[in-house]
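Colleague: I am new to this structure and would like to learn how to read it. Please take me through a few features, one at a time.

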Amino acid sequence: MLGPAVNAVTIVICSLVGVFLIRGIPECIEEILKKAIGLSIIFIGIKGALDNQRVLLLIMSMVIGAVIGELINIDKWMNRLGVWAETRLGMSGRAGKQDHSFSRGFVAASILYCSGSMAIVGSIQSGLQGNHEILFAKSILDGSISIVFSASMGIGVAFSAIPVFVYQAGIALAAMAVKDLLHPDIIREMSAVGSLIIAAIGFNFLSIKEIRVANLIPAIFVPLVYMTIEGLFI
C-alpha cells in the first residue's frame with residue numbers, strides 16, 4: 001500500500017499549497033492556465049491511447065463502458081458526493097452563488113488521477129512486485145497538477161486523494177489475487193482506454209463540449225473481461 005499512500009498524501013499536500021499559497025490568480029491567468037492544461041491533457045491522453053493495438057476492442061470498450069456508465073450514472077453520483085462534502089464543509093454557495101467549484105475540482109481531479117496508464121500499471125506493479133517506482137513518479141506529476149488545479153478550483157482537488165487511494169489500492173490488491181490473468185496485452189489495452197478517457201478531460205477544460213467523463217470509467221475494465229474470456233477459448 002506504500003505507493004498508493006504516497007500518491008494520495010502528495011495530492012493532499014500539493015493541493016493545500018495551491019489553495020493557500022498560490023490562490024488569488026487573476027481570472028485571465030486562470031483561464032489561460034486551464035486551456036494550457038487542457039491541451040496538455042489531450043496530448044497525454046492521445047499519446048497513451050496510441051499504444052493500443054486492437055482498435056476494434058478500444059471502440060467496443062468505449063461504447064459498452066459508456067452505456068454501463070450512463071445507466072449507473074457515475075458522473076451524477078460523483079458530483080453528488082462532491083456537493084455533499086462541499087456542503088458538510090460549509091463551502092457551498094459562496095457569495096450567493098452555487099457554482100460548486102469544490103465538486104468540479106473533486107470530480108475532474110479524481111478522474112484524471114485514476115484513469116491514466118500510470119495508475120493502472122503502477123498499482124499492478126505495487127501489488128505484484130512491491131515495486132512502487134511508477135506510483136512515486138506519478139505522485140510527482142499529480143502533485144504538480146494539484147497545485148495548479150487547486151489554485152483555480154479550490155480545496156475539492158485535495159479530496160480527490162480519497163478515491164485515488166481507494167482505486168489504486170484496490171487494483172494492487174486485485175492484482176495480487178488474479179495475477180495469473182493479468183497478461184501484458186490486457187494491461188496495454190486497459191491503459192489505452194484509460195488514456196483516451198483522459199483526453200476527454202482535456203476537452204472539458206477547453207470548454208468545447210462538456211463530456212460526462214466519469215460515465216466512461218467502466219470502459220477501462222471491458223478489455224480485461226473481454227480478453228480474459230477470449231483467452232479461455234483461444
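Colleague: At what angle do H3 and H11 pack, and how far apart are their axes?

Modeller: Helices (H or I, at least four residues) and strands (E, at least two) are DSSP runs, numbered from the N terminus. Axes are lines fitted to C-alpha atoms, for helices over the stretch in contact, and angles run from 0 to 180 degrees between N-to-C directions. Here H3 and H11 pack at about 120°, and their axes are 9 Å apart. This is a predicted model, in which local features need pLDDT of at least 70 and side-chain atom pairs pLDDT 80 or more, while totals for chains, interfaces and linings use all residues. Residues are numbered from 1 along each chain as its sequence is written, and side-chain values use heavy atoms, without hydrogens and water.

Colleague: What word describes how H3 and H11 lie to each other?

Modeller: Angles under 35 degrees count as roughly parallel, over 145 as roughly antiparallel, 65 to 115 as roughly perpendicular and the rest as oblique. H3 and H11 are therefore oblique to each other. Contact means heavy atoms within 4.5 Å; on the H3 side it is made by Leu-57, Met-60, Ser-61, Ile-64 and Gly-65, and on the H11 side by Val-222, Pro-223, Tyr-226 and Met-227.

Colleague: How many salt bridges are there in the whole structure?

Modeller: A salt bridge is a side-chain nitrogen of Lys or Arg within 4 Å of a carboxyl oxygen of Asp or Glu. A search of the whole structure gives 5. One of them joins Arg-212 and Glu-70 at 2.9 Å, N to O. This pair links distant parts of the chain, 142 residues apart: Arg-212 is in the loop between helix H10 (184-205) and helix H11 (222-233), and Glu-70 is in helix H3 (residues 55-72).

Colleague: Which residues are linked in a network of salt bridges?

Modeller: Asp-185, Arg-188 and Glu-189 are. Arg-188 meets Asp-185 at 2.9 Å and Glu-189 at 2.8 Å. Buried means under 20% relative accessible area, exposed over 50%, partly exposed in between (1.4 Å probe, protein chains only). Glu-189 is buried because its relative accessible area is 2%, whereas Asp-185, at 30%, counts as partly exposed.

Colleague: How many residues does the largest nonpolar core have?

Modeller: A nonpolar core is a set of buried Ala, Val, Leu, Ile, Met, Phe, Trp, Tyr and Cys residues joined through side-chain atoms within 4.5 Å. The largest has 42 residues, and Ile-41, Ile-111, Tyr-113, Phe-149 and Ile-197 have the most contacts inside it. H10 gives the largest share of this core, 9 residues.
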